Amino acid sequence: YRVEVSDKAASKTGLKIQEPVSYYFKTTGYLQVTDTQPSDEVSDVPVDSPITVSFNRPVIALESPSAAGAIPDSLVISPTVAGAGEWINTAIYRFTPSEGLAASTTYTVVVKAGLEDTTGSALVEDHVFSFRTVDPTILNWLPENNLMLGVESPITVTFSMPMDRRSTEAAFSLTEENGERVPGHFTWMQSDTVLGFKPANALTFGSTYQAEVEATAKPAN
């Protein structure tokens with residue numbers, strides 16, 4: 001905006017100003033989301049990651065950012081996640097899931113329109129971003145592929161995260177060369193990241209077996 005007072009302005013006694021006076025000013029822009037962590041459409045996000053939203057100007061007063069608490073009704077996470085939020089400064093908000101994010105899951109986060117900054121400027125449109133958390137992977141087998149195994153030795157599988165016992169046991173199989181499945185029992189170690197399988201009977205000397213975990217195995221959360 002431009003404000004101008006021309007040289008026709010005069011005092012009550014008729015004394016005019018010597019020259020025109022003008023100045024400019026610019027109103028504050030709309031509130032905007034400038035950055036998110038995780039970023040939009042990324043994958044393999046660790047399940048222990050917080051969700052952070054950064055704005056282009058202060059949303060809360062400088063006095064006590066942490067006292068402001070969570071954004072009420074303005075941050076919507078789908079699927080729903082339990083946790084707590086805090087302002088780490090006046091323009092950056094962080095939500096920390098209390099039990100972590102679920103693995104192999106696509107999350108959508110909406111910062112809803114209408115959220116105002118400290119000047120009263122509002123977020124005009126919903127800001128939406130999404131990300132997918134990491135899938136569980138197998139870190140190693142014991143024995144390793146194509147190595148010898150004692151006929152009474154157990155087989156262990158180490159996963160990258162705690163696994164759901166029921167679905168993982170159902171996904172595991174040990175088969176003989178003729179395709180017949182070998183019976184046995186399971187054990188779990190190291191906070192359900194290591195699955196052990198002990199055949200019910202001694203394996204046959206000089207035979208080849210195949211161990212497999214199907215993609216139906218699910219992470220614990």
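The following dialogue asks how some terms are applied to this predicted model.

Student: Why is threonine 175 called buried?

Tutor: Buried means under 20% relative accessible area, and threonine 175 has a relative accessibility of 19%, so threonine 175 counts as buried. This residue is found in strand S13, which covers residues 172–175.

Student: Which residues does threonine 175 touch, if those up to four places away in sequence are not counted?

Tutor: Threonine 175 touches Glu180, Arg181, Val182, Thr208, Tyr209 and Gln210, and contact means heavy atoms within 4.5 Å.

Student: What makes a set of residues a nonpolar core, and which members of the largest one touch the most other members?

Tutor: Buried residues of the listed nonpolar kinds form a core when they are joined through side-chain atoms within 4.5 Å. The largest nonpolar core holds 23 residues, and Phe55, Val111 and Phe131 touch the most other members. Strands S5 (51–55), S6 (75–78), S8 (92–97), S9 (106–111) and S10 (127–133) each give two or more residues to this core. Apart from it lies another core of 17 residues, including Val151, Ala171, Leu195 and Val213.

Student: Which residues are in contact with phenylalanine 131, leaving aside its neighbours within four places in sequence?

Tutor: Among the contacts of phenylalanine 131 are Pro38, Val42, Ile51, Leu101, Tyr107 and Val109.

Student: How many residues line the largest pocket, and which lie nearest its centre?

Tutor: The largest pocket, with a volume of about 620 Å³, is lined by 21 residues, of which Pro143, Asn146, Leu147, Leu149 and Tyr209 lie nearest its centre. By class, its lining has 12 nonpolar, 8 polar and 1 charged residues.

Conventions:
Residues are numbered from 1 along each chain as its sequence is written. This is a predicted model: local features need pLDDT of at least 70, side-chain atom pairs count only at pLDDT 80 or more; totals for chains, interfaces and linings use all residues. Side-chain values use heavy atoms; hydrogens and water are left out. On a 1 Å grid over the protein atoms alone, a cavity is a set of points where a 1.4 Å probe fits but cannot get out, and a pocket is an open set with protein on both sides within 12 Å along at least five of seven lines; lining residues have an atom within 4 Å of a point. Grid points are joined across faces, edges and corners, and a volume is the space filled by probe spheres set on the points. Ala, Val, Leu, Ile, Met, Phe, Trp, Tyr, Cys and Pro count as nonpolar, Asp, Glu, Lys and Arg as charged, and the others, Gly among them, as polar. Buried means under 20% relative accessible area, exposed over 50%, partly exposed in between (1.4 Å probe, protein chains only). Helices (H or I, at least four residues) and strands (E, at least two) are DSSP runs, numbered from the N terminus.
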